[in-house]
Amino acid sequence: MSAPLFPLFADLQGRRVLVVGGGPVAERKTEALLHAGALPRVGAPDLTPHLLAWHEAGRIEWIDGRFDPHWLSGVWLVVAATDDADVNRAVAAAADGRHVFANVVDDRELSTFQVPAIVERGPLQVAISSGGGAPMLARHLRRQLETLLDDSWTSLAELFTRQRQRIRQRFPQTAERRRFFEKLLAGPLPRLYRQQLHAQAEQHFQAMLDEHVSSTRAGSVAVVGAGPGDAGLLTLNALRAMNEADVILHDRLVSEDVLRLGRRDATYIEVGKSATGHSTHQDDIHALMLEHARTGKRVVRLKGGDPFVFGRGGEELEFLRSHGIPYEVVPGITAAIACAAYAGIPLTHRDHAQSVKLVTAHCKDSFDTLDWQSLAQERQTLAVYMGVAGLEGLRDRLVAHGRAPSTPFALIENGSRRDQRVLTGTLADLPETARFHQVRSPALLVLGEVAALAGTLHWFGAPPVGAAAPTHSRNLPTPTLQAA
Ligand code: SAH
């Protein structure tokens, strides 16, 4: 094994660097050098249009021709980015003789320095190197870090850079300075930046510097939408919140696949609410959020779909606000959007539906408050949540208010999950079909002309099952048919 590389960040501002080659790779390297303020000298017989434009704008020097060791005079570094192995070797040899560090693109043996993969957040740079041996691995790690480091890191790095002198004056000892930074980073500062509350962030920083705020760590709650089940439908922000959480209060609707992505040493508490089984009372959920946030924990309140679509997210925010607990909200992909997509049903369509309504109908009371006249209108799509129990009432009222009994529907059970099932038919047979196929929660009803498209546009899981139930038969035998 050769010795490890010595990592360093070089100041190239105003310094000349030679790039040999004028193709796309040379262009990328030149761009990175310009970003660092270097003065690139590009030597090649031909340049890409961008390189040419930079030359014409006076940003780079161009030496037209084949490599000559004289090109190295006055340069601090050289990058060989030609596809000619002999030229690359000649560049490396000439550089070595002049004690100039050389990077030969994709050639670890010939190189005397490597360019790391970079994650950049303002003045903060994370450099990843595999010593040139496994660049793909370094790039893979880079992509992972990109998703983990949100934009607040830029603001933090800029703030700390700007305030460096003041912080040093206030806390001359390294140990107290470290404690100050630890307190800052464990407190609300990163969240304030994520929320784009820059003035408040600065105020908080100022108060911390003047020691006007106590050092106890303030807890907070992130109300996070977990989407319909497929973990790939989580947002990056949801993933970050789950990675930083101390406590995760999750609904029963949140899938195992999603929960597996949360921080391993977080405390997971199921506060499930199921249509049938026993459930945690909303007040108890509030109390749990409060209890944990007050002891300084970062709480994630993880909800199926989107927290603000039939998710009682509004009530939870009102509660948190009334108790002075800071919060943030991460939207999720709601069941209507996800189930429609995973069943191949466009919720709107120029030929079939100009609007879509998200409706919930799970009990008699909620039925009576709905505006059936408007729900029964044609050329619109209804996405009905929590409707499995009330399908008969739904059908009868819609038909009574003029919706055609031939209107297509699709019932999507376990949308986006491995066991997704889609049933299709017409409004007239909706409750019977659901009963015959023993549709279980969670299931979403899509009603409207667009639902018929599931028959041709489906792409996920099993194709939709058409109306297999006998039309209008009210006395079905006990069904035994299970999910396909
Ligand atoms: N906040 C959630 C909805 C909660 S209400 C959201 O935005 O999706 C619960 C209802 O959502 C269920 O009864 C069902 O109608 C629907 N639902 C949620 N996830 C679903 C899924 N994966 N498949 C089908 N329906 C789902």
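**Close-up views of the ligand site and its domains**

View 1. The centres of domain 3 and domain 5, taken over C-alpha atoms, are 51 Å apart. The chain is divided into domain 1 (16-115), domain 2 (118-148), domain 3 (152-209), domain 4 (220-333) and domain 5 (339-457), with bounds from an automatic or database domain assignment. Please keep in mind that this is a predicted model, in which local features need pLDDT of at least 70, side-chain atom pairs count only at pLDDT 80 or more, and totals for chains, interfaces and linings use all residues. Residues are numbered from 1 along each chain as its sequence is written, and side-chain values use heavy atoms, leaving out hydrogens and water.

**View 2. The shell around the ligand.** Here 20 residues surround the ligand, the closest being Val 309, Thr 334, Met 386, Gly 415 and Ala 443; a residue counts if one of its heavy atoms lies within 4 Å. Twelve of the shell residues are nonpolar, six polar and two charged, with Gly classed as polar. Domain 4 (220-333) and domain 5 (339-457) both give residues to this shell, so the ligand lies between them.

View 3. A nitrogen atom of the ligand lies 2.9 Å from a backbone N or O atom of Pro 228. Polar backbone atoms also sit 2.8 Å from a ligand nitrogen at Asp 306 and 2.7 Å from a ligand nitrogen at Val 309. Alone, the ligand exposes 540 Å², and the protein buries 93% of that (Shrake-Rupley method, 1.4 Å probe).

Methods
A polar contact is a pair of N or O atoms within 3.5 Å; within protein, one must be able to donate a hydrogen and the other to accept it, and residues adjacent in sequence count only if both atoms are side-chain atoms.
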